[in-house]
Amino acid sequence: MSDIHLKFVSPCQSFLDTSFFQELARLKLDVLKLDSTTKELTSSIDTSHIPRGSSCAHLFLDSDSFKDRKPREGELLIKGSLHNFNTIEEFKKVDKTKFLRDRADELWKEGTNDPNNCVKFSIISFADLKAFKFFYWVCVPCFQLDSLNPTVEDTGLLPSPSKFNEWFVTHPSCWSCLVTDSGELIEFNKSNSARSSTLCMRDTSSVEMVPSALTKSFVSLLKHFSPDLKKVRLVFIRSGKASSFWVDVDVSSVKGSEKAGLKVSGWERNLQNKLTPRAVDLSSLIDPLHVADQSLDLNLKLMKWRIAPEIDLGIIKSTSVLLLGSGTLGCYVARVLLAWGVRKITFVDNGTVSFSNPVRQPLFTFSSCGKPKAKAAADSLREIFPLVEAEGVELAVPMIGHPITNEAKQIEDYERLLELVKAHDVLFLLMDSRETRWLPTVLGYAEDKIVINAALGFDSYLVMRHGNYKREQKADRLGCYFCQDIVAPSDSLTDRTLDQMCTVTRPGVALMAASQSVELLVSILQHPKRNSGGPDEKVILGDLPHQIRGFLSEFKTLKLRTTAYEHCSACSSTIIEECKSRGWDFVRDALNDYKTVEDLCGLSEVQLKAEEVMNDVLYEWNDDGEDGELL
Amino acid sequence: MIALSEFQEQLQALIPVLQLWPQCLSVCDSPDGEALVGMVAHPTLAQYFYEIEIGYSKTYQEPRLIFKIWELATEQGAELRRPCFPADLSRLMNVQNFSIGLDHLHEERKDCWFSVHACDTSHVVGPVKHHYLRRWASVYLSLFDPRFSDTYLFVDDV
């Protein structure tokens, strides 16, 4: 023998597959968050396929390693643990020596109960989810009694390892066994140790006549179980032909017991044989769309880590939104919806991008001018985030009080609008005239959709959610945009000057209204009953107001609430039921003459009564002022 | 061409061949059992290694070779492994006349792999079904190591 001391090879070489890190990223983001407690892992160690180019078996970890699974035929499972740290500084500060010693102490303790449990691995890690970079270091702790210094007396190849191989096939979870004096193979445990001086182990090394470092752990346990043992034969079983071998070792030099302490090794060395942690940078490997997808989710999911753990992001992501109007409000609303993770957004508009639009409407650029607005906005949104399902629909929303000029076309528009309303969960009314909002308001009620309304003045804005509708419900129903009017909307565009027809507002007003309208929707979605809850309820994000009115001249906002008006031209029961039952016929009448709507909902009668009251008041005034001079 | 059933049978027989390849660091079945996955060291440059997958192309009914190139560097005291996409593969690999593209999106892992196009395979490998995959490997794996075919000197049953 050239060297009387046993030499060892690392127990295994780890390879953490890309899917392992993808799963770690997912778990960190969705499940673990700031939780840095230990997580169990399961892997397998392949001792039967060790290539010639490798000195030891491979420990392969992939996404399945996070699951607790049963071994496949011939597979040797190995349990492990993941210690994921929240910052790179924490990862770096880990006392690696202490960490390894602690793990080895645990394995020693488990090994004294069942020696097969002394083979486990641990991983320390830090996941930089923004850069898609993962730092990690794998250890397979091996321990040796301080006082144990086995010396080699003899060694040789094992001529017929088949009976050992067969035993391990029938004991797939065992790493070791004992051989009795009569040649019988028995499980390695404390009680059996007295019956044997031959310890047999699966060997993960492929180096000729050099076993893996796990040998140290098994010999230490055997010595612990049989302190008087002086000589032991170690048998190393390998799958390759003629490579299993035995070594006779003298363990009599042991002076103390386990109380003398353990020498520990196990941190994995890199390819240059240095003890350093490892890192993997997957940013360039992952499909950019997948990275974009995860990155968008990342910013949102971080809310759940600490600030708003109960927020339901799934409901936001799965909500489909129809934006009626693709102007300043439509563009800003779409951007905020995108930032909240909404993935299906449909724009509706019948205009084209004009040269004045791009400076105020953030989805358009100079090159968009002349293109249909809805389609240009959808294209632009997809450029920002390719995974958004954005569509642009060129459509003129039929307007109350604007008589029919081309019925075939307007029926088509009405039916397309109805189809779109049905296909989406939420409608945003973002148009620039009152009469355009009327039909979508009625359809929103008829189809039981959430409707968010945003309207701009020069230096003021209104953001509101339309109340829900139940035919039998009378009291406490929240109102709609038209509930405070005593006239039905009609043509407000004909015979108007340019400044009266265009939206003339302070530029910042649209941003404020757009962001508040989306935030209002997000709050609604957090309510378990969505828009059907009571009028003054709260959700995890705070208040759930009915209306927000902002006044930029005073930098002030007010939260208001109005109940539904029983004679409302849009949300009164009569109108909604009439729309439901007569469909286009009802709409055609409303377009041709808004007075039919007033007659239906009772506004005509209200107006008549108001006129009578006014006449009475004027009469009284005339009586009072008989002797006076009207100035 | 090789039928899927024949391919799967011959795939298992390829494992011992790959185990004898000095550059092969690991080889095992893929988790779904339909392919072989392995790690291969670069024959001369220690800072590069390959991750390879030998699967089956149902389109061409031929073996399909995809691979990733990993590069080792040091960052913040850690050995950093990162994918490498060289503009000129011939500076790193024994490209010969292979047609290689960075065009394979792995269905399960959602990441990008280089693929060696299988269009000329039958012409290269020949029509004989016996040891089809071994002959295929002797040609296609020389991409990573010009001396790959030396491995066959150690294979008993050729």
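The model is predicted; local features need pLDDT of at least 70, side-chain atom pairs count only at pLDDT 80 or more, and totals for chains, interfaces and linings use all residues. Residues are numbered from 1 along each chain as its sequence is written, chains are lettered from A and ligands numbered from 1 in the order in which they are written, and side-chain values use heavy atoms, leaving out hydrogens and water.

The predictor assigns the complex an ipTM of 0.81 and a pTM of 0.70. The average pLDDT of chain B (confidence per residue, from 0 to 100) is 88, and 96% of its residues score at least 70. The table gives the elements of chain B with the lowest and highest mean pLDDT; helices (H or I, at least four residues) and strands (E, at least two) are DSSP runs numbered from the N terminus.

| Element of chain B | Residues | Mean pLDDT |
|---|---|---|
| Helix H2 | residues 121-125 | 84 (lowest) |
| Strand E3 | residues 48-57 | 95 (highest) |

B:Glu51 lies in strand E3 of chain B. B:Glu51 counts as buried because its relative accessibility is 3%, where buried means under 20% relative accessible area (1.4 Å probe, protein chains only). Its side chain makes a polar contact with the side chain of B:Trp70 at 3.0 Å; such a contact is a pair of N or O atoms within 3.5 Å, within protein one able to donate a hydrogen and the other to accept it, and residues adjacent in sequence count only if both atoms are side-chain atoms.

In chain A, an open sheet of six strands with mixed pairing has the order E7-E12-E11-E10-E8-E9; strands pair if DSSP finds at least two bridges between them.

Technical notes: pLDDT is the predictor's confidence in each residue, from 0 to 100. Buried means under 20% relative accessible area, exposed over 50%, partly exposed in between (1.4 Å probe, protein chains only).
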